[in-house]
Amino acid sequence: MSFLNKEICDGDNPDLTEERRTATFDTDRMAQVIYGSEKFAARRRQITKSISRIPALQDTKPLAFMTREEKITEACRELDVLSDHWEQLIYVNDEEEALHLHREVIGMEGHPFALHETMFIPTLVSQASDEQQEKWLGRARKREIIGCYAQTELGHGSNLRKLETTATYSPSTQEFILHTPTITALKWWPGALGKSSNYAIVMADLVIKNKSYGPHPFIVQLRDEKTHQPLPGITVGDIGPKMAFNGADNGFLGFDHFRIPRGNLLMRHNRVEPDGSYLKPPHAKIGYSSMVKVRSRMAMDQGLFMAQALVIAVRYSAVRRQGFLEDKSQEVKVLDYQTQQHRLFPSIARVYAFIFCGLETIQLYEKLILDVNKNGDTSGMADLHSLTSGLKSVVTHFTGQGIEQARMACGGHGYSMASYISEIYGVAVAGCTYEGENMVMLLQCARALVKAVELVEEGHPEKLSPMMAYLTKPSVTVDLTVGPEAYVKIFQLIAKKQAFKATEQLHKFMVAGDSRDVAWNKSAVELTKASRLHTRLYILKTFIRRVESITDISVKAALTDLLNLHLNYELLDVASYALADGIMSSTQMDFIKNQLYSSLEKIRPNAVSLMDSFQFSDLQLRSVLGRRDGHVYQNLFEWAKSSPLNQSEVLPSVTQYLKPMMEKSKL
Ligand SMILES: CCCCCCCCCCCCCCCC(=O)SCCNC(=O)CCNC(=O)[C@H](O)C(C)(C)COP(=O)(O)OP(=O)(O)OC[C@H]1O[C@@H](n2cnc3c(N)ncnc32)[C@H](O)[C@@H]1OP(=O)(O)O
Ligand SMILES: Cc1cc2nc3c(=O)[nH]c(=O)nc-3n(C[C@H](O)[C@H](O)[C@H](O)COP(=O)(O)OP(=O)(O)OC[C@H]3O[C@@H](n4cnc5c(N)ncnc54)[C@H](O)[C@@H]3O)c2cc1C
């Protein structure tokens, strides 16, 4: 049975068509699993189709040949076209659809609305009072104003308690005075701040009667709504080119005693009364919720970044022929090499695993905000914070690795910007830094782990959250042939041992006289290892849970192969812990390796379709190597011909320098 008839096209590269015919499942059904529901998967396709009917949105010039100014202008032009069609294309205020629309049309290099959608609006939703939402949220959603999230400063990003921008309350005028007291207090990095936004959420130290209350969110108008000129008292601009994201104007911002009304402090959870009295929020870290929001999305977003790179690498590997196996009359597809499969397939498995985690954490955040806003219930905050802190760190790290492997798997052409993989890599690895530097966030996750271990040691295992319950599991001998649960048990033992070892080390330093902070720092590497194992256990369990819940038999079978690969690959990757602690034997190691190699063979016929299932359009992929039709070579040649360097036969640099130099050399 051939599942993909609707997508197979006679004009496509025959090698890719052959791959699509071997699929054992329906890619539309797989897309439902990837995107969480039949409805959303279908909406994505519908939106993609509608976009393809708008001529002004079809790809013009490759972004690789554009300057930053051209990229920004092009993104703005596309946003303008989108704005004209917004209501026909997507359901208004549907965040997932808006994200899909932006990804599809504008790509990944950034645009003026990126932070507006991902942080500005979410901060208004979670932090603004009903009255404040009335005033700003509607305007923001209609895109009458453009906002960003200005928190990080030149001198401080991780340690928020030391942010230097002040918001000093003046009871006589009922205003806050925003001020940048030093060069290091300049806001630095916020996306879309430099040139596009006219509003910002500014995180500043709230000061009332000389007392500091720590960082709080304020909504601040930065530019005149008519002229777009910065308002007096505001210095704002672009921070310059970056490793990637060069279609975005990450910016700097300084205030010179800039006054805003009292009502611009976002007051859903805390208040400053006209006389300057301060009402505390129900949880000290509630003002950090927008960061938790983005972190809760990152497993999904990073999974999709890695998926884009893998679609490109897998399709290309199916059309690239080089070298021989048995048949010496025809070169093989490079996808048939075991090393190529080993390079790519474990990342395919991770993509699926990360996306399943993302579907879960996005929902957890939505529930949390509902609980907090409706019932004032903040009890879920600590768990979601530790989970998303660990998850964003592990996922971004492996995504970076996976994309780089995908790049190398494409050989020389992977290094060309025609592959687009370098851009995907640059964008994805920014996630290791933004929304909390990875080490810093792993250490946040470790705080929760250490507390949990201490609870067990103090004899209160009943107080553990469900995610920590494995810390009480006794050591057992495990038969790996019984299936996924056996792998979970071994992983739990490994993660538990590391959590206890790291905590023991921390306590040892403290008993020897170190303060908790110093002991913490001396144990930090071990603590981050514990956090990674804890998080990888969560990812593994989520993957198993999700596959178990699938009802379509052929989709479930294909994902079971991927899950088995994941289980074996992950366990092999942490085998040094298991061997050192005697949790696993070398015979078990051999078993795992053999399972891994046979998983690669099982996945091979489905590889292209597993990636086709993401249903990225060529417009979104922007990759010559990853084209759906597989016509790589002629299009690489066309792409190279469109390079600005090839618009004339003799470059001015040759006439001006090389020719005279060669002439001089003849004398
Ligand atoms: C549109 C199309 C594109 C689509 C595709 C998407 C991709 C394209 C978009 C790109 C978008 C880029 C967007 C980047 C946007 C930025 O990067 S915005 C800036 C982000 N900045 C950060 O993340 C800063 C990281 N630092 C922090 O979050 C905090 O300083 C730290 C590290 C959590 C420490 O905070 P602290 O206040 O010093 O707290 P600390 O003393 O360590 O802990 C105190 C307690 O609070 C708890 N706590 C701390 N934070 C929290 C929290 N949030 N919740 C609950 N409890 C907490 C701790 O667990 C701890 O608990 P205990 O252990 O004591 O019980
Ligand atoms: C592409 C991009 C987009 C961004 N967008 C925004 C935005 O929209 N809005 C915004 O406000 N910010 C934004 N940022 C800033 C970003 O959030 C910060 O850069 C990030 O939080 C890291 O902070 P930092 O730069 O101060 O790193 P630092 O903290 O200076 O990190 C440097 C090193 O110090 C280590 N370190 C720091 N503290 C500790 C600790 N306690 N324990 C152990 N090690 C530690 C880190 O692990 C790291 O190795 C963006 C950044 C990038 C790259």
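Visitor: What radius of gyration does the chain have, and what would a compact globule have?

Guide: This is a predicted model, in which local features need pLDDT of at least 70, side-chain atom pairs count only at pLDDT 80 or more, and totals for chains, interfaces and linings use all residues. Residues are numbered from 1 along each chain as its sequence is written, while chains are lettered from A and ligands numbered from 1 in the order in which they are written. The globule rule is 2.2 Å times the number of residues to the power 0.38, and the radius is taken over C-alpha atoms. For 667 residues a compact globule would be near 26 Å, which agrees with the chain's 27 Å.

Visitor: How many helices and strands does the chain have?

Guide: Both are DSSP runs numbered from the N terminus: helices are H or I with at least four residues, strands are E with at least two. The count is 23 helices and eleven strands.

Visitor: What share of the residues is buried?

Guide: A residue is buried if 20 or more other C-beta atoms lie within 10 Å of its own, exposed if 12 or fewer, and partly exposed in between, with C-beta atoms placed from the backbone. Of the 667 residues in the chain, the buried ones make up 45%.

Visitor: Which element gives the most to the shell around ligand 1?

Guide: A residue is near a molecule if its C-beta atom, placed from the backbone, lies within 6 Å of it. The shell holds 30 residues, with Leu160, Tyr288, His385, Tyr434 and Gly436 nearest. At least two residues each come from α5 (95–106), α6 (114–127), α8 (289–319), α10 (381–409) and α13. The top contributor, with four residues, is α8.

Visitor: How does the shell around ligand 1 divide by class?

Guide: Ala, Val, Leu, Ile, Met, Phe, Trp, Tyr, Cys and Pro count as nonpolar, Asp, Glu, Lys and Arg as charged, and the others, Gly among them, as polar. The shell has twelve nonpolar, eleven polar and seven charged residues.

Visitor: Which residues does UniProt list for "binding site"?

Guide: UniProt positions are given in the numbering used here, feature names are shortened, and annotations may be inferred rather than shown by experiment. The unreviewed entry lists Thr152 and Gly191.

Visitor: Is Gly191 buried or exposed?

Guide: Gly191 sits in the loop between β4 (187–188) and β5 (199–208). Contact means C-beta atoms, placed from the backbone, within 7 Å. Not counting residues up to four places away in sequence, Gly191 touches Gly110, Ala114, Leu115, Cys148, Ala248 and Asn250. With 25 C-beta neighbours inside 10 Å, Gly191 is buried.

Visitor: How much helix is there over residues 288–450?

Guide: UniProt, in an unreviewed entry, places "domain: Acyl-CoA oxidase C-alpha1" at residues 288–450. The end C-alpha atoms are 22 Å apart.

Note on methods
Two residues are in contact if their C-beta atoms, placed from the backbone, lie within 7 Å.
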